[in-house]
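Work through these exercises with the sequence and the 3D view side by side. Try each task before reading its solution.

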Amino acid sequence: METRSRIDVHQHLIPPVYRKVMDSHEATAGGWPTPAWDAESAISMMDHRSIATGILSISSPGTHFGDDAEARALARRVNDDSAELTKDRPDRFGFFASLPLPDVEGALAEAAYALDELHADGVVLLSNVYGRYLGHKEFDPLWAELDARAAVVFIHPTAPPMPMLEGMPSPLLDFPFDTTRTAVHMTLNGVMSRHTRMKVILSHAGGFLPYAAWRFTGGAQFNPGTTPMGILTDLQRFYFDTALSTTPSALPSLLAFAAPGHILYGSDFPFAPEASGDLLDSLLESYEGFEPGQLDAINRDSAEALFPRLAAA
């Protein structure tokens, strides 16, 4: 593997302005401690793990803490900061713009600004917004706009609208469930069948979507206008990152389900424990079940197809 060859589509930033707002609201990512972050540490990690470019995003709990005006201002500030970082080091960084959902009007305006003016690589959405999942008809105007732009959409999980089990922070248990829930909700509500120009990436190998996808085709009997094979086809429109998911039990299921070219490398830095990074990378690199060229596609080639600006990086 060439040095710094990977494109990491699941990497987070925590700029000071965002940490300050999180602290003011006593917010966390589902009970997970907020780690330290700076650009230099990110680059050091990337050099160590053979990552050429990291596509940065704000993680859970996102930029909306109950007030639309505050959320619009915070999303704008975070996106401006991300754009400056990318402008300074376009070879090392890209970013997914944050949108202030559930404020759909504000989200549409911020998407246009970030994609047109800041040249964001795409947008990041959380798996649910105050209990409303992404297939909700309220979000139809946003999906239509993102599809018209053939945008890349990165979906990151957040805490579901239910109590967290004691001793089990949401990122450990609930996040994979919530990613799966919103992906199936989008599919059964026609988001994926109506909007085929956009490219949607699911975090952490799609939760347990690849493992249970055939089970979800049973939703056709409860959702008029859908068919089992249509549901399966739409579920396979998703892209999947490998963050925390290159284990001997998860990787075979992902490879068996995902469409060719739909698996992308992800690190989940800085939220994933450093000790796990090398292990997960070694599990990916040593996996013996890859078809020829498949590992290269995961590490870089498939991401280049989504982000053509990085093809020459």
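Helices (H or I, at least four residues) and strands (E, at least two) are DSSP runs, numbered from the N terminus. Two strands pair if DSSP finds at least two bridges between them. This is a predicted model: local features need pLDDT of at least 70, side-chain atom pairs count only at pLDDT 80 or more, and totals for chains, interfaces and linings use all residues. Residues are numbered from 1 along each chain as its sequence is written, and side-chain values use heavy atoms, with hydrogens and water left out.

**Exercise 1. The sheet**

Task: Find the residue that stands opposite V123 in β4.

Solution: 
- Start with the pair of strands. β3 (residues 93-98) and β4 (residues 122-126) pair in the parallel sense over three bridges.
- Now find the partner. V123 in β4 stands opposite A97.
- Then step back. The open sheet has eight strands, in the order β1-β2-β3-β4-β7-β8-β9-β10, with parallel pairing.
- Its edge strands are β1 (6-12) and β10 (263-264), each pairing on one side only.

**Exercise 2. Helix α4**

Task: Check the span of α4 (residues 104-116), then locate its buried residues.

Solution: 
- The expected span is 1.5 Å times one less than the number of residues.
- For the 13 residues of α4 that should give 18 Å, and the end C-alpha atoms are 18 Å apart, which agrees.
- Buried means under 20% relative accessible area, exposed over 50%, partly exposed in between (1.4 Å probe, protein chains only).
- V104, G106, A107, E110, A111, A114 and L115 are buried in α4.
- They cover an arc of only 145° around the axis, so they lie on the same side of α4. The arc is that of the directions from the helix axis to the C-beta atoms.
- Contact means heavy atoms within 4.5 Å. The cover over these buried residues includes α3 (68-88), β3, β4 and α5 (140-148).
- Take A111 as one case: its relative accessibility is 0%, so A111 counts as buried.

**Exercise 3. A loop residue**

Task: Is H195 buried or exposed?

Solution: 
- H195 is in the loop between α7 (191-194) and β8 (199-202).
- Next, its accessibility. At 10% relative accessibility, H195 counts as buried.
- Last, its neighbours. Not counting residues up to four places away in sequence, H195 touches W143, A144 and D147.
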